[in-house]
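These are my notebook entries on one structure. I list what I looked up, in the order I looked.

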Amino acid sequence: MPTTADFERMLRGAALRVTRPRVAVLSAVHHHPHADTSAIIAAVREDLGEVSHQAVYDVLRALTAADLVRCIEPPGSVARYEARVGDNHHHIVCRSCGAIADVDCAVGPAPCLTPSDDHGFVIDEAEVVYRGLCPTCSTTTTTDSRKDARV
């Protein structure tokens with residue numbers, strides 16, 4: 001896991017001024033992959049104390065624009081943030097609890113998928129969202145099904 005010094009280097013490398021809120025938000029995203037803004041705000045407040053929602057939103061916007069974090073928006077979910085940037089990975093989402101995990105490209109380098117018709121676009125990214133049940137929810141569902149069958 002990156003250290004505070006690593007986060008400061010990342011910010012400087014992206015030509016962003018190093019501030020306590022930026023370091024705290026970058027740290028929160030690294031420590032809580034796929035977190036929504038509410039979870040990030042809570043983590044930042046644990047680190048810094050009081051910080052406004054707007055300050056966190058502004059930092060997230062700056063970090064996303066600088067490609068230090070990535071904003072993902074799985075269908076049916078609020079925006080979430082992750083530190084894995086610079087590749088074209090996909091996500092798998094649990095239908096029951098909403099857990100999200102990274103999935104590497106299925107085929108080759110970005111965009112790793114070829115559309116049947118590109119309509120003249122120069123495609124550099126493809127986004128795939130797999131859906132299913134995470135191990136915990138699938139175990140719970142199987143256990144619940146067995147209980148229902150016995151009733």
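**Entry 1**

I looked up His34 and found it buried, at 8% relative accessibility. I use buried for under 20% relative accessible area, exposed for over 50%, and partly exposed for anything in between, with a 1.4 Å probe and protein chains only. His34 sits in the loop between α2 and β1 (35-36). Helices here are DSSP runs of H or I with at least four residues, strands are runs of E with at least two, and both are numbered from the N terminus. The phi of His34 is positive, about 65°, although His34 is not a glycine.

I then checked Pro33, which is in the loop between α2 and β1 as well. Pro33 counts as exposed, at 52% relative accessibility. Its C-alpha atom is separated by 8.5 Å from that of Arg84, which is 51 residues away along the chain.

I noted the basis of these values: the model is predicted, local features need pLDDT of at least 70, side-chain atom pairs count only at pLDDT 80 or more, and totals for chains, interfaces and linings use all residues. Residues are numbered from 1 along each chain as its sequence is written, and side-chain values use heavy atoms, with hydrogens and water left out.

**Entry 1: the whole chain**

I looked up the secondary structure and got five helices and six strands. Along the sequence they follow the pattern α-α-β-α-α-β-β-β-β-β-α. Of the 151 residues, 30% count as buried. I take a contact to mean heavy atoms within 4.5 Å. Among contacts with a separation of 6 or more, 45% are between residues 24 or more positions apart.

**Entry 2: the loop between α1 and α2**

Ala15 is in the loop between α1 (4-13) and α2 (20-31). Ala15 is not a glycine, yet its phi is positive, about 60°. Is Ala15 buried or exposed? I found Ala15 exposed, at 70% relative accessibility.

Leu16 is also placed in the loop between α1 and α2. Leu16 is buried, with a relative accessible area of 16%. Leaving aside neighbours within four places in sequence, I found Leu16 in contact with Leu11, Arg22, Ala62, Leu63, Ala66 and Leu68. For Ala62, 46 residues away along the chain, the C-alpha atoms are separated by 8.4 Å.

**Entry 3: Ala28**

Ala28 is in helix α2 and is buried, with a relative accessible area of 5%. Which residues does Ala28 contact, leaving aside neighbours within four places in sequence? I found Ile40, Ala43 and Val44.

I looked up the UniProt record, an unreviewed entry, and its "binding site" annotation covers Cys94, Cys97, Cys134 and Cys137. They span 44 residues in sequence, but no two of their C-alpha atoms are more than 8.0 Å apart, so they gather at one spot. I noted that UniProt positions are given in the numbering used here, that feature names are shortened, and that annotations may be inferred rather than shown by experiment.

Cys94 lies in strand β4 (residues 90-94). Cys94 is buried, with a relative accessible area of 5%. Not counting residues up to four places away in sequence, Cys94 touches Ala99, Gly132, Leu133, Cys134 and Cys137.

Cys134 lies in the loop between β6 (129-132) and α5 (135-150). Cys134 counts as buried too, at 17% relative accessibility. With residues up to four places away again not counted, Cys134 touches Cys94 and Cys97.

**Entry 4: the largest pocket**

I looked up which residues line the largest pocket: Thr64, Asp67, Val69, Arg70, Cys71, Val85, Gly86, Asp87, Asn88 and Glu125. By class, three are nonpolar, three polar and four charged. Why does the largest pocket lie between domain 1 (4-72) and domain 2 (87-139)? Both domains give residues to the lining, so the pocket lies between them. The domain bounds come from an automatic or database domain assignment.

Definitions and conventions. 1 Å grid on protein atoms, 1.4 Å probe; cavity = no way out; pocket = protein on both sides within 12 Å on 5 of 7 lines; lining within 4 Å. Nonpolar A, V, L, I, M, F, W, Y, C, P; charged D, E, K, R; others polar.
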